[in-house]
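Student: Please take me through this model one region at a time. I will follow up as we go.

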Amino acid sequence: MNTAATTQPTVLADQKKVGMVSLGCPKALVDSERILTRLRADGYAMSPDYAGADVVLVNTCGFLDSAKEESLAAIGEAIAENGRVIVTGCMGEEADAIRAAHPQVLAVTGAHQYEQVVKAVHQYAPPTQGPFIDLIPQPDIKLTPRHYSYLKISEGCNHSCAFCIIPDLRGKLASRRIDAVLREAEKLIAAGTKELLVISQDTSAYGVDTRHEAREWKGHEVRAHMTDLARELGQLRTSEGTPPWVRLHYVYPYPHVDQVIPLMAEGLLTPYLDIPFQHAAPSVLKRMKRPANEAKVLERLKGWREICPDIAVRSSFVVGFPGETEDDFRYLLDWLEEAQLDRVGGFRFEPVEGAQANALPDQVPEDIKEERYARLMECTTRISAAKLQAKVGRTLPVIIDEVGEPDEDGDIGATGRSQADAPEIDGQVFLRNVPETLAPGDIVQVAVEDADAHDLFGAVR
C-alpha cells in the first residue's frame, strides 16, 4: 500500500484509520496527499497496511486500458485483504465498470473530487475525534520523501489530442491562484523540501483560463503565468540559504518557454525540461491533433543549449499511432538523432475508450508496434549512453535519495540523482564509500567515475 507519509501523529486508541493505494501519475499522488491531509484534520489516522485500516481508499488511473486493468487489480486486492474499499481517481468516472468487476466497493468518486471522497469515508467509517486531535496543527501529509515535493499548479487541459481523454476525466484547464501556489511552495521549502517538481496537465498554459490574473506577492504583483511562477520559485531559499531545485514538467513548447532558459543558466531553475513531444513526423502529429512544428523545435533546442549547455530535455513518444507509416517512423528516428534528447520514454499506441484515435483508419498491427518500439528504444538508449559517458570525469551536484548500511568493509553506498534526473522516471547516480553523516536530501558534489546507458557512478568529492 502507498501510505508512507512523512509525518505520522500519535494514534489514539479510538481513532478510525484509513489506508491508501495511490496509482498513476504524480498529479494523482498530489490528490492522494490532499485527501489524506483533509482526513487527518477530521480525526483519522493513517494505516500502513490493509489489516489495520477501517477503510481503504484506492486512487485509480484510467488513462490507458492497461492502467485500468492495474486499477481493477488493486481494487480487487484491497477488497480481498480488507473488504471495505472506496474508489476515487480517474477511473472513478467509469463507476459502472468498477462495480461490474467489484460490486463490493462501498463508493466510487471521480478525479480530484475531494469532498465526495471525504464524505464517503465519513459515511462508512464515521470519525471518532477525541478531545485532543486538533489542539496542535499537523503538517500536510506527504507520500513522497521529505526532501522532494510535487507542486500542482492547475487541473485539466484545453487540448483535444486524438489519443487522450484527460479533458473528459479532469475537465478543462483550471489554474490555481499564483499566490496560493507560491505560498504552498514556500511552506514546502520551510518544511524541508529541497526539490520542487512543478506539475499539471499543461504547465505552459498556466493562467490562460484566468487571463493570467495578477496577485500581490511579497510587495509586488505576480501574474498567473509560467514565466512569473518560474521567476518567483527561483527566489525561494532552503534553510541552508541555497535555491531549491525546481523542475518544470509537462511543458508544451510554447514560445514563452524560451524565457525560462536564462533562469536555468543563472541557477534559479534546475536545467531540466519535460516536454511531451509525442512524435516528430508532421503527418502523425496532424492526426494526433498536436502542433506540428518539429523543425522549429530543433532550432529552439539548439538555442536553449547555447544559453544553458547543461540543460536536460526529457520527452515521450508514441509508436504505432493509427496511420503511422514506416517513413513516418524513420522520420522520428532521424529527428531524435538530431535532437539528441537526454531522456526519452517510449509507448506503444494503445486505444483508450472514448478517444478519437480509436476511430481512425489504418490501425497499426501489434507486431509492427513492437518492432518499432524496440527500434525506438535502441536509438534512444544509444543516445543516452553517449550523453552520460560524456559526463565521466565531470563533477556534478547530486541530491541524495537513499543511504545504505555499511558493508562488511564498513563502506557505505548511496543513491541519488543529478539535475538531469527526475525521481521515479529518469536515471540515478550510484555513490560508493560515502561519509556516514550523509543523509537523504543532502545535495553534494560528485565526481563521476563511470556511466552506463541510464545511470552514473561516482564518489562524493
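**Charged pairs, cores and helices**

Tutor: Glu 184 is partly exposed, at a relative accessible area of 21%. On this scale buried means under 20% relative accessible area, exposed means over 50%, and partly exposed lies in between, with a 1.4 Å probe and protein chains only. This is a predicted model, in which local features need pLDDT of at least 70 and side-chain atom pairs count only at pLDDT 80 or more, while totals for chains, interfaces and linings use all residues. Residues are numbered from 1 along each chain as its sequence is written, and side-chain values use heavy atoms, with hydrogens and water left out.

Student: Which side chain does Glu 184 meet in a salt bridge?

Tutor: Its partner is Arg 176, at 2.6 Å from N to O. A salt bridge here is a side-chain nitrogen of Lys or Arg within 4 Å of a carboxyl oxygen of Asp or Glu. Arg 176 is also partly exposed, with a relative accessible area of 22%.

Student: How many salt bridges does the count come to by this rule?

Tutor: The count is 34 salt bridges. One of them pairs Arg 231 with Asp 228, at 3.7 Å from N to O.

Student: Where do Arg 231 and Asp 228 lie?

Tutor: Both are in helix H7 (residues 226–233), three residues apart, about one turn of the helix. Helices are DSSP runs of H or I with at least four residues, strands are E runs of at least two, and both are numbered from the N terminus. Arg 231 is partly exposed at 36% relative accessibility, whereas Asp 228 is buried at 10%.

Student: How many of the residues of H7 are buried?

Tutor: Seven of the eight are buried, so H7 is largely enclosed by the rest of the structure. Those residues are Met 226, Thr 227, Asp 228, Leu 229, Ala 230, Glu 232 and Leu 233.

Student: And Asp 426 with Arg 314: are they buried or exposed?

Tutor: Both are buried. Their side chains form a salt bridge of 2.7 Å, N to O. Asp 426 sits in the loop between strand E17 (414–418) and strand E18 (429–431), and Arg 314 in strand E14 (residues 312–319), so the pair ties together parts that are 112 residues apart in sequence. Elsewhere, salt bridges with shared partners join Glu 324, Glu 326, Arg 330, Glu 371, Arg 372 and Arg 375 into one network.

Student: Turning to the largest nonpolar core, which residues touch the most other members?

Tutor: They are Leu 229, Leu 233, Val 260, Leu 273, Phe 317, Trp 335 and Leu 341, out of 53 residues in that core. A nonpolar core is a set of buried Ala, Val, Leu, Ile, Met, Phe, Trp, Tyr and Cys residues joined through side-chain atoms within 4.5 Å. Apart from it lies another core, of 29 residues, including Leu 39, Tyr 44, Ile 86 and Val 117.

Student: What does Val 260 touch?

Tutor: Not counting residues up to four places away in sequence, Val 260 touches Met 226, Thr 227, Ala 230, Leu 248 and Leu 269. Contact means heavy atoms within 4.5 Å.

Student: At what angle do helix H11 and helix H12 pack?

Tutor: H11 (residues 326–339) and H12 (residues 366–389) pack at about 10 degrees, with their axes 10 Å apart. That makes H11 roughly parallel to H12, a label for angles under 35 degrees, with over 145 roughly antiparallel, 65 to 115 roughly perpendicular and the rest oblique. Axes are lines fitted to C-alpha atoms, for helices over the stretch in contact, and angles run from 0 to 180 degrees between N-to-C directions.

Student: Which residues make the contact?

Tutor: H11 contributes Glu 326, Phe 329, Arg 330, Leu 332, Leu 333, Leu 336 and Glu 337, and H12 contributes Arg 372, Arg 375, Leu 376, Cys 379, Thr 380, Arg 382 and Ile 383.

Student: Next, the backbone. What is phi for Lys 218?

Tutor: Phi of Lys 218 is positive, about 55 degrees, although this residue is not a glycine. Lys 218 lies in the loop between strand E10 (214–217) and strand E11 (220–223) and is exposed, with a relative accessible area of 54%.

Student: Last one: is Tyr 150 buried or exposed?

Tutor: Tyr 150 is buried, with a relative accessible area of 9%, and belongs to strand E6 (residues 148–152). Leaving aside neighbours within four places in sequence, its contacts include Glu 184, Leu 188 and Pro 423.
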